[in-house]
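Dear colleague,

I am passing a structure on to you, together with a short account of what was found in it. Please look at the sequence and the model before reading the notes that follow.

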Amino acid sequence: MATNEFEEQQASKPIDLPGTSEMSQAPQDLDATRPRIGDTRPAPEGAPIAPEVRQGDRPQGGGGNRRNGQQRQRGPRAADPKESGIEPRPVEVTQPTDDGESSGQKKSRSRRRGGRNRAGRSTGRYLMCVHVQPHATHIAMLEGRSLVEHFVARPADATNQIDGNIYRGRVQNVLPGMEAAFVDIGIPKNAVLYRGDVQLEDEADDEQKSAESRIEDVLKAGQLILCQVTKNPIGAKGARLTQEVSLPGRFAVLVPNSSAAGISKRLGDSERRRLRKIIDSVKPAQHGIIVRTAAEGVSEDDLRRDIETLVERWTAIEAEANRSNLPGLVYREPDMALKMLREELNDDYRGVLIDDFEIYSQVRDYVAAVNPELADRVEFYDTATEPLPLFERYFIDEQLQKALDRKVWLPSGGSLIIERTEALTVIDVNTGKNVGKTNLEETVYRNNLEAAEEVARQLRLRDIGGIIVIDFIDMETKENRDKVAASLRAALGREKTRTQVFDISELGLVEMTRKRVSEGLIESLTTGCSVCDGRGFVLDRDAL
């Protein structure tokens with residue numbers, strides 16, 4: 001069937017959705033919602049699905065593509081932009097009401113809190129897939145069809161994956177020359193507590209006194225302290241600790257025994273002003289709070305309940321910490337799936353698929369308690385009835401294999417070479433098959449722009465941390481170098497991991513750092529070669 005005939009037939013079909021009957025009389029509106037290359041939003045019915053443009057991530061076989069005139073059997077799709085997840089922000093000027101919140105904010109919040117759907121199915125950019133195995137739980141996050149993040153939680157990670165846990169620790173020894181102390185927290189390897197993470201008993205001390213005090217004056221060998229893990233043990237390094245304990249909730253973070261009060265910088269100015277008024281009435285007298293990005297649009301009652309839950313949790317932690325004098329675990333963070341949902345789940349997620357019924361039940365109960373309007377997006381993926389495993393159904397296994405390669409292809413034909421060393425990670429940008437059409441400077445500039453976007457994606461997917469050096473292709477024009485650096489910063493700003501990026505040097509090098517919390521993708525999925533010890537070559541004894 002020709003494409004025009006197909007679109008006319010689809011546009012003429014009645015769509016049984018409220019508020020969309022008029023769209024069937026205006027098939028030309030499909031051009032406005034037709035997906036473009038690189039668009040990760042779901043396509044409306046009647047609009048041809050755009051092919052995946054990222055080389056190496058193109059799905060093969062099923063998975064929702066329409067091939068040879070066959071269309072995806074998932075029910076009717078609405079052509080309404082609102083039903084397809086495209087909701088423009090209102091631009092009209094609204095007057096604030098008596099409670100300090102504008103009417104536009106109230107309408108936006110009610111629409112967002114209700115969730116978006118199309119033919120009974122939620123829409124959004126992201127999809128979370130949880131695959132449970134006997135020896136590990138894999139969590140993958142998809143943006144459209146592309147894998148953007150992957151995490152592995154193993155049952156044995158009570159000693160390795162402990163980020164966020166709270167321990168009762170005993171100071172083993174204090175090293176004044178390192179301004180650090182080694183602390184026994186009940187796991188085989190001692191953890192490290194640096195001077196900057198030590199909390200003074202009297203918070204009212206001025207900054208000068210805090211800076212002058214030395215770690216040996218604050219901590220003594222054999223002393224019991226309450227501490228929290230901020231970085232998992234990696235390789236030969238032990239876990240990193242802090243005495244400034246924080247308890248994250250859905251909408252806020254509780255900072256016990258502190259006067260801190262803050263609001264996420266990712267929120268807009270008007271929303272920050274609204275939340276600042278709410279903080280005065282919900283903040284506990286003896287604790288500090290930090291309002292999270294997820295609190296956008298929530299009511300005062302929702303925020304108050306979240307903080308009250310955190311206060312009750314801290315009271316239980318204090319009681320548990322005083323029960324014994326032995327080092328050990330006091331509070332454990334939830335399972336990785338619950339932790340990821342607490343941090344990430346919002347209207348941008350079209351669904352959460354879990355192939356283990358026990359974890360599915362836990363996750364659904366948790367979401368129903370903290371976000372009832374999103375509970376229907378948590379679904380059980382029954383492997384007994386589904387024809388393909390979860391990760392194979394969404395081509396996650398294939399993308400994980402490609403994420404372990406040294407070479408990454410760019411859409412225009414260029415490539416990245418990613419090399420890991422003990423000190424840092426080096427990324428080399430090449431033009432490869434990209435020969436351009438105009439001149440050398442323009443070809444190099446366009447190739448570097450593509451590379452900047454892909455570098456940010458690869459750093460997030462591979463969870464690369466520490467010092468990173470990117471060798472972009474030399475550009476003669478400073479304006480082009482500045483644009484590439486700005487593009488890299490913008491791409492890195494889409495994730496929550498803290499990064500610091502310096503300008504491109506005259507040699508085309510970019511130095512940057514990315515916070516390292518846990519082991520990367522390669523460490524999670526591979527083991528060192530027993531023959532070459534991970535060096536990539538075997539010594540020829542006959543040549544000696």
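Which residues form one aromatic cluster? The cluster is formed by F357, Y360 and F380. Please note that this is a predicted model, in which local features need pLDDT of at least 70 and side-chain atom pairs count only at pLDDT 80 or more, while totals for chains, interfaces and linings use all residues. Residues are numbered from 1 along each chain as its sequence is written, and side-chain values use heavy atoms, with hydrogens and water left out.

Aromatic pairs

The structure contains four aromatic pairs. Rings of Phe, Tyr and Trp (its six-membered ring) pair if their centres lie within 6.5 Å; planes under 30 degrees apart count as stacked, over 60 as edge-to-face and the rest as tilted. In one of these pairs, the ring centres of F357 and Y360 are 5.7 Å apart and the planes stand at 45°, so the pair is tilted. Both residues belong to helix α9 (residues 357–370), where being three residues apart separates them by about one helical turn. Helices (H or I, at least four residues) and strands (E, at least two) are DSSP runs, numbered from the N terminus.

F357 also forms an edge-to-face pair with F380, at 5.4 Å centre to centre and with 85° between the planes. This pair links distant parts of the chain, since F380 lies in strand β17 (residues 378–380), 23 residues apart from F357 in helix α9. Y360 is buried, with a relative accessible area of 15%, whereas F380 counts as partly exposed at 32%. Here buried means under 20% relative accessible area, exposed over 50%, and partly exposed in between (1.4 Å probe, protein chains only).

Charges over rings

A charge sits over a ring if NZ of Lys or CZ of Arg is within 6 Å of the ring centre and within 35 degrees of the ring normal. R393 lies over the face of Y394, 4.9 Å from the ring centre. The charged end of K433 is placed over the ring of W409, at 5.1 Å from its centre.

Helix α11

In helix α11 (residues 396–403), the buried residues are I396, Q399, L400 and A403. They cover an arc of only 105° around the axis, which puts them on the same side of α11; the arc is that of the directions from the helix axis to the C-beta atoms. The elements they pack against include β3 (126–132), α12 (440–462) and α14 (521–525), where contact means heavy atoms within 4.5 Å.

Yours sincerely
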